[in-house]
Amino acid sequence: METAQIIDGKGLAARLREELRSEVEQFKRATGRPVGLSTVLVGDDPASEVYVGSKRRLSQQAGIDDHHRRLPADATQEQVAAVLDELAADPAVAGILLQLPLPSHLDAKALIDRIPWEKDVDGLTTTSAGRLARNLDGLRPCTPLGVISLLEAEGVRLQGINAVVVGRSDLVGNPLSRLLLQKDATVTLAHSKTEDLAEVTSRAALVIAAAGVPGLLGKQHISPGAVVIDVGIHRTANGLVGDVDFDAVSGVASRITPVPGGVGPMTIAELLRNTLKAAQLQN
């Protein structure tokens, strides 16, 4: 049985970060302005700690100033809002990232919407979503950007391609569908409750799994030769797995992203690129 070619997100992300480092230096020399990223972490969720630590380390390597802010798990809505307002007014901070999930007593959407759209490096504010929907310039969610960058680096022709996105979250599925449409793909947006999901996905030349359900897509969901992008990541007793049954699907797909090492590294690379773009927008 032939095995699908592995799409190396880790390698591409490293190259993008290297390019970005020189672009950040050029921007700082040309404008005299700093490029700063503020990650805001509320509470002590272990996974969030790891993610934020990785974002901070890689951003500093790219020449981006670190303006990390940490608040206790019992911080009030007003306390978190005050920090976001302070960062919004700080010219040294180009980008603000409020790490999700937040403690359950906080209203995440209301807090995210306090971030000015031109500093919204996660692309999650209502204004950012509206600018994406209207195809206006702005900051897009990092994971969808990473998926598009991977596909383009692989030479996948998106114009006219029959693509199925499985998952409809504001973080990945919805914005990714928009970005694919803007590339002239023909897009079907499915999800975990779609009836006869295999019948829908098996007609596609490009399948992107972002439903947050471990092993949701198997061999029967993929047409021979399709490109498969797995956005899911789940910790299990057997290690990290995605939304795709990798072993089964790699026997029918032409190309596939691994978990880990596929989309994940690209998300952080695009976050750093968004931070520079935010600085450019504010300049």
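Of the 283 residues of the protein, 49% count as buried (buried means under 20% relative accessible area, exposed over 50%, partly exposed in between, with a 1.4 Å probe and protein chains only). This is a predicted model, in which local features need pLDDT of at least 70 and side-chain atom pairs count only at pLDDT 80 or more, while totals for chains, interfaces and linings use all residues. Residues are numbered from 1 along each chain as its sequence is written, and side-chain values use heavy atoms, leaving out hydrogens and water.

**Overall fold**
- The protein has 10 helices and 12 strands (DSSP runs numbered from the N terminus: helices are H or I, at least four residues, and strands are E, at least two).
- Its radius of gyration is 19 Å, close to the 19 Å that the globule rule gives for 283 residues, so the protein is as compact as a globular protein of that length (taken over C-alpha atoms; the rule is 2.2 Å times the number of residues to the power 0.38).
- Among contacts between residues at least 6 apart in sequence, 70% join residues at least 24 apart (contact means heavy atoms within 4.5 Å).

**Annotated binding site**
- An unreviewed UniProt entry places the feature "binding site" at G167, R168, S169 and I233; such annotations may be inferred rather than shown by experiment.
- G167 lies in the loop between strand 6 (162-166) and helix 7 (173-182) and is buried, with a relative accessible area of 3%.
- Beyond its neighbours within four places in sequence, G167 has contacts that include N174, H191 and A210.
- S169 is also in the loop between strand 6 and helix 7, but counts as partly exposed at 30% relative accessibility.
- Leaving aside neighbours within four places in sequence, S169 contacts N174 and P175.
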